[in-house]
Amino acid sequence: MALRFEVLGRFNRARAAQLTLPHFACQTPLFMPVGTQGTIKGLTTDQLEEIGCQIILGNTYHLALRPTSELIDELGGLHKFMNWPRALLTDSGGFQMVSLLHLADITEKGVTFQSPVDGKPMLLTPEESIQIQNRIGADIIMALDDVVRTTITGPRIEEAMYRTLRWVDRCIAAHKRPHEQNLFGIVQGGLDPVLRDICVRGLVDRNLPGYAIGGLAGGEDKDSFWRVVAQCTAALPEDKPRYVMGVGYPLDIVVCSALGADMYDCVYPTRTARFGTALVPEGVLKLKHNAMVNDTRPIDPTCACMVCKNYTRAYIHCLVTKDAMGSQLLSYHNLYYMLQLSRNLHSSIVEGRFVCDFLQKMFPKGDVPEWVCNAMDVAGIDISSCCSS
Amino acid sequence: MALRFEVLGRFNRARAAQLTLPHFACQTPLFMPVGTQGTIKGLTTDQLEEIGCQIILGNTYHLALRPTSELIDELGGLHKFMNWPRALLTDSGGFQMVSCITNLYVAGIFYTQWHFAYIFQVSLLHLADITEKGVTFQNRIGADIIMALDDVVRTTITGPRIEEAMYRTLRWVDRCIAAHKRPHEQNLFGIVQGGLDPVLRDICVRGLVDRNLPGYAIGGLAGGEDKDSFWRVVAQCTAALPEDKPRYVMGVGYPLDIVVCSALGADMYDCVYPTRTARFGTALVPEGVLKLKHNAMVNDTRPIDPTCACMVCKNYTRAYIHCLVTKDAMGSQLLSYHNLYYMLQFPKGDVPEWVCNAMDVAGIDISSCCSS
């Protein structure tokens, strides 16, 4: 174990905590920008510190291909290589392999695939994934899991869940740096509460430093989504961090935090920036829209970020889709927005208030989606003042 | 006139001066990054201030197309639009028109709708008031320095076209002066043309000096002529242009060229080179260039330039940038940042002969640098 997790405040199931990692002491709930290949598109590490980024996620698959984990190790680890003084998390590589490589195949040994570099058959085993992540040196590393999309049904889900448990033992055995890197296990089991329960209990038995809820954010309906999160957060230990992988939209983060989750990652803020979309309290703002052409307001008048303090919608409209600077400025703003959301969640939980502000701005007419209302019921948070029905 | 030019120090023909413009008091010699369409690829205005940028050049042609000079005017001018508190210079639009249209014809008939807009716009301009339009656009954009539309021909061309272009440039400058609606806020610079012909250059310089403009540019160079011809034209023009007004060599350039031109008495420069070469993975260093794509960089833990104090050299290794270049836009961004910092810091062997010749004329003894 190489972390400390201390709950500082609660609001029913929601908790605000300090997560102390080898490289940085973080405040949760927190959002982790995805730095894919050791960089977050368009932002320097100075700017990332400026906007309050605490942890960055690196994709093991991409890093292993370029510049390779051996080189990163040789050069002193990923922190040093990308000059990021705060925390890093790497995933196992499994998800990309399955989603990016149409010829990937999963067996008990591991994930077999065709190397994108030279077409040769390759195998990513749990042992290999951990070895690569040991070389990269992130504060948190993820066990290789057998992940299936929640839109799939049938025995494959059960097979994947049990295999995930068997693989986590192999990951634990292969992990060479347990006092510097925290190995998180990932709860699988699709949308089946029975399978999810078995997986949670199996992982908790292994007494890992932290736990992730995997296999979601893949197309399942929102109602099923929040129920799985609710079940897992209820069953996972109180005193360890809970990470919902691949989430996501600001609304989803607010709901999951209400249900007791602490950590999130998603490409959404930066990806949507590249399509000219900014995140704002009301939802989204499409900078490409003609109405922006002479709009001299900042993206969000309530936002204190460098972009909102310096640039108008008209200027950014002029750039988007025509100059990379547009995406860059929107990425900066969107990440600031997500990180500010995290800070607001943390402080509002510590101070004993929560959620309503956010919902009121996003749904000024009170048309809060039903799934959110149901989830807040379970979370024990009264949002009747925000709902019209 | 809307500027003040005060020489603070000299070394023979070279001068260090303060150029006070409406938006900023600049120190010369200075390099102007090219911000084409109101942005310098990859750098925020904060970062530009950080690295000491004083003036940015905007291309009128591109701005007139997107987002249009009328919109910029409506929104309070280019300074406000791009949030740049320091100085701006716009060119006349002429150079791009010539080089872009030529490219279109050469490229053939596969045009996008965007290109049709260009052609349509240019055909409108060609109707009658091309020079006046150029100034009108620039009045709307609001830069501290605006350029007269000149008839520019490449120095690799010979024959009567050069003389024609030189005289036309003089006639056009009068039309520009007449069309200029904001002479107390924006400084109209004239551009010396005349190819590589000293007689033509001389006529043009004297013609422009007669018009008593706030500043002068030496145009038509940096287009493929040999270096020896290049410096001689600069030397002639700087010798003949007034002492007490800024001299701008357009399209220059390589650090070495800037040093030589400064030795010969020029004050201002612009070029896409530092940012463009960054996009090809090349960094500017005191020894020349460093190609980050090169395999030797793969595990080189040194910064691009150990003597450089910029954010990139203080934070990133060659190995890291090598990993990014040509694969992630971040590579170009970091190299652009470093290269512009390098150019703005002012670079105050195998020295080429043309440099030795130029330094002779400039009266600067570089014998300690030359092996012969």
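The second largest cavity of this predicted model has a volume of about 50 Å³. Its lining draws on both chains: chain A contributes A:Gly38, A:Thr39, A:Ile40, A:Leu43, A:Thr44, A:Thr45, A:Leu48 and A:Met82, and chain B contributes B:Tyr316, B:Tyr320, B:Met330 and B:Leu334.

The contact takes 34 residues from chain B and 34 residues from chain A. The size of an interface is often given as the accessible area lost when the parts come together. For chain B and chain A the buried area is about 2,900 Å², and carbon and sulfur atoms give 56% of it. On the chain B side, the residues that lose the most area to chain A are B:Arg66, B:Phe81 and B:Tyr320, which together make up 20% of what that side buries. Across this interface the rule finds one salt bridge. A salt bridge joins the side chains of B:Lys41 and A:Asp323, with an N to O distance of 4.0 Å.

Chain A also holds an open sheet of three strands in the order 7-8-9, with antiparallel pairing. Strand 7 (105–106) and strand 9 (121–124) of chain A each have a single partner strand and stand at the edges, so one side of each is left without a neighbour in the sheet. Strand 7 of chain A pairs with strand 8 (residues 111–114) of chain A in the antiparallel sense over two bridges. A:Asp105 has A:Thr112, in strand 8 of chain A, as its bridge partner.

Technical notes
Residues numbered from 1 in each chain as written. Chains lettered and ligands numbered in written order. Predicted model: local features only at pLDDT ≥ 70, side-chain atom pairs only at ≥ 80, totals over all residues. Heavy atoms only, no water. 1 Å grid on protein atoms, 1.4 Å probe; cavity = no way out; pocket = protein on both sides within 12 Å on 5 of 7 lines; lining within 4 Å. Points joined across faces, edges and corners; volume = space filled by probe spheres on them. Pairing = 2+ DSSP bridges. Helix = DSSP H or I, 4+ residues; strand = E, 2+ residues; numbered from the N terminus. Contact = heavy atoms within 4.5 Å. Buried area = accessible area lost by both parts, 1.4 Å probe.
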